[in-house]
Amino acid sequence: QVQLVESGGGLVQPGGSLRLSCAASGSIFSIYDMGWHRQAPGKQRELGATITSRGSTNYADSVKGRFTITRDNARNTVYLQMNSLKPEDAAVYYCNAEIIAPITGVTNVWGQGTQVTVSS
């Protein structure tokens with residue numbers, strides 16, 4: 001069974017930084033796009049950033065210039081470096097990946113989420 005496990009969330013002051021990690025485990029042939037989405041209380045889940053298997057990136061306007069998404073294909077891991085955090089960045093951050101696995105083929109997999117709180 002393929003799963004994604006996030007880590008790195010927590011409490012940070014406005015202007016601070018956090019680095020999120022998300023590792024895929026299980027029987028995996030390959031991983032296509034990986035990304036980070038977020039959901040604040042009372043709001044819909046929204047895209048934060050995505051990265052292709054070749055390293056091409058895409059960012060939501062709200063995080064562009066402050067967040068950086070990277071991945072380590074050898075470790076099946078994606079990262080999100082978040083700088084200059086604002087209170088409005090507070091949310092549960094979810095990792096997402098298109099994973100090619102035996103039997104199931106291409107599957108869109110989500111992590112369980114990690115909480116990011118930005119407060120003084």
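**Close-up views of a predicted model**

**View A. Ile-103 is found in the loop between S9 and strand S10 (105-110).** Strands are DSSP runs (E, at least two residues), numbered from the N terminus. What you're looking at is a predicted model, where local features need pLDDT of at least 70 and side-chain atom pairs count only at pLDDT 80 or more, while totals for chains, interfaces and linings use all residues. Residue numbers start from 1 along each chain as its sequence is written, and side-chain values use heavy atoms, with hydrogens and water left out. Ile-103 isn't a glycine, yet its phi is positive, at about 70 degrees. Ile-103 counts as exposed because its relative accessible area is 90% (buried is under 20%, exposed over 50% and partly exposed in between, with a 1.4 Å probe and protein chains only).

**View B. Asn-76 also has a positive phi, near 50 degrees, without being a glycine.** Look for Asn-76 in the loop between S7 and S8. With a relative accessible area of 24%, Asn-76 is partly exposed. As background, most residues other than glycine have a negative phi.

**View C. Trp-36, Leu-80, Met-82 and Tyr-93 have the most contacts inside the largest nonpolar core.** This core has 30 residues (a nonpolar core is a set of buried Ala, Val, Leu, Ile, Met, Phe, Trp, Tyr and Cys residues joined through side-chain atoms within 4.5 Å). Seven strands each bring at least two residues to it: S3 (18-25), S4 (30-39), S5 (46-51), S7 (67-72), S8 (77-82), S9 (91-101) and S11 (114-118). S9 gives the largest share, five residues. Now zoom in on Met-82: setting aside neighbours within four places in sequence, its contacts (heavy atoms within 4.5 Å) are Gly-16, Ser-17, Leu-18, Leu-20, Arg-66, Phe-67, Tyr-93 and Val-116.

**View D. Trp-36, Leu-80 and Tyr-93 turn up again, among the residues lining the largest cavity.** The largest cavity has a volume of about 30 Å³, and the structure holds one cavity of 30 Å³ or more. A cavity here is a set of points, on a 1 Å grid over the protein atoms alone, where a 1.4 Å probe fits but cannot get out, and lining residues have an atom within 4 Å of a point. Points are joined across faces, edges and corners, and the volume is the space filled by probe spheres set on them.

**View E. Two arginines sit over aromatic rings: Arg-19 over Tyr-79 and Arg-45 over Trp-110.** The charged end of Arg-19 is 4.1 Å from the centre of the Tyr-79 ring. For Arg-45, the distance to the ring centre of Trp-110 is 4.8 Å. To count, NZ of Lys or CZ of Arg must be within 6 Å of the ring centre and within 35 degrees of the ring normal.

**View F. Arg-71, in strand S7, is buried at 16% relative accessibility.** Beyond four places away in sequence, Arg-71 touches Ile-31, Tyr-32, Asp-33, Met-34, Ile-51, Thr-52, Ser-53, Thr-77, Val-78 and Tyr-79. Gly-55 is 16 residues away along the chain, and its C-alpha is 7.5 Å from that of Arg-71.

**View G. Ala-91, in strand S9, is buried, with a relative accessible area of 2%.** Its contacts, leaving out neighbours within four places in sequence, are Arg-38, Gln-39, Ala-40, Thr-114, Gln-115 and Val-116. Ser-17 is 74 residues from Ala-91 in sequence, with 14 Å between their C-alpha atoms.

**View H. Ser-56 is in the loop between S5 and strand S6 (57-59), and Asn-58 is in S6 itself.** Both are partly exposed: Ser-56 at 46% relative accessibility and Asn-58 at 39%. From C-alpha to C-alpha, Ser-56 and Thr-70 are 9.4 Å apart, and Asn-58 and Gly-48 are 8.5 Å apart.

Note on methods: Helix = DSSP H or I, 4+ residues; strand = E, 2+ residues; numbered from the N terminus. 1 Å grid on protein atoms, 1.4 Å probe; cavity = no way out; pocket = protein on both sides within 12 Å on 5 of 7 lines; lining within 4 Å.
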